[in-house]
Amino acid sequence: MMKRRLFNATLLATPWTALAQPDELAARLRAGGCAVLLRHAQTEPGIGDPPGFRLDQCSSQRNLDDEGRAQSARIGQWFQSRGLQPRAVQSSVWCRCIDTARLAFGRHQTWPALNSFFGGPERGDAQTAQLRAALAAIPAGQFEVWVTHQVNISALSGEGTSMGEALVVDTRGKMVARSTFN
């Protein structure tokens, strides 16, 4: 019994990619009452977006590179190979997030609460409050995927992520898993 408790404590404190088996993560998602906070996949080099970028014009934004497109497809394959169907796939309106969602899941709905507030931190508290309220409404047996940005994930969870990495958070916003879905 002591060994199991130690393993579980270590599992929560260590990235899933280092410890957990894919089936353990899949079982957690099947249990539901959680959201996958997926940071968009790998992009062209840079921080933020070029000066003068426009949300309605993908060519003006920092977009997925070839590895990011392949990474998105691998994420989708991970979910598909385990028969995992999110009840919703929500995305920021930034093209790199939409493309990640589309390539991984074949569907998405845009949700302004997932939009980056990197350039406007005054929006952060209101957007994070919207995310917390939506988390609380995800029922047991179902999960959602939210494709978003580093700043949003950090504000909600207090954790950082790499591009293409995800945190699974429970209905209180507490991280219960971390994965790159490899």
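Start with strand β2, residues 88–91, and strand β4 in this predicted model. The two run parallel and pair over four bridges. Pick out Ser 91 in β2. Across from Ser 91 stands Val 147 of β4.

Stay on β4 and select residues 143–148. Are these residues buried or exposed? Six of the six are buried, so the strand is mostly covered, where buried means under 20% relative accessible area. Now color the two faces. In a regular strand, side chains alternate between the two faces of the sheet. On one side of β4 sit Phe 143, Val 145 and Val 147. On the other are Glu 144, Trp 146 and Thr 148. Both faces are covered.

Next, select β1, residues 34–39. Strand β1 is joined to β4 by six bridges, and the two run parallel. Click Val 36 to find its bridge partner in β4, Val 145.

Zoom out to the whole sheet. What is the strand order? Reading across, it is β3-β2-β4-β1-β5-β6. The sheet is open, has six strands and shows mixed pairing. At the edges lie β3 (109–110) and β6 (175–179), each pairing on one side only.

Select β5, residues 166–170, together with β6. Here the pairing is antiparallel, over four bridges. Val 168 has Ala 177 of β6 as its bridge partner.

Show α6, residues 124–136. Helix α6 packs on the sheet and touches β1, β4 and β5. Its direction makes about 160 degrees with that of β4. Then show α7, residues 150–157. Helix α7 also packs on the sheet, with contacts to β1, β4 and β5. The direction of α7 makes about 145 degrees with that of β1.

Last stop: a helix pair. Two packed helices are described by the angle between their axes and the distance between the axes. Select α4 (residues 66–81) and α5 (residues 95–105). They pack at an angle of about 45 degrees, with axes 7 Å apart. That angle makes α4 oblique to α5. The crossing of α4 past α5 is right-handed.

Which residues make the contact?

- From α4: Arg 69, Ser 72, Ala 73, Ile 75, Gly 76 and Phe 79.
- From α5: Thr 100, Leu 103, Ala 104 and Phe 105.

Color the contact by class. The contact of α4 with α5 has six nonpolar, three polar and one charged residues.

How values were computed:
Residues are numbered from 1 along each chain as its sequence is written. This is a predicted model: local features need pLDDT of at least 70, side-chain atom pairs count only at pLDDT 80 or more; totals for chains, interfaces and linings use all residues. Side-chain values use heavy atoms; hydrogens and water are left out. Buried means under 20% relative accessible area, exposed over 50%, partly exposed in between (1.4 Å probe, protein chains only). Two strands pair if DSSP finds at least two bridges between them. Contact means heavy atoms within 4.5 Å. Axes are lines fitted to C-alpha atoms, for helices over the stretch in contact, and angles run from 0 to 180 degrees between N-to-C directions. Angles under 35 degrees count as roughly parallel, over 145 as roughly antiparallel, 65 to 115 as roughly perpendicular and the rest as oblique. A crossing is left-handed if the near helix is turned anticlockwise from the far one by less than a right angle, and right-handed if clockwise. Ala, Val, Leu, Ile, Met, Phe, Trp, Tyr, Cys and Pro count as nonpolar, Asp, Glu, Lys and Arg as charged, and the others, Gly among them, as polar.
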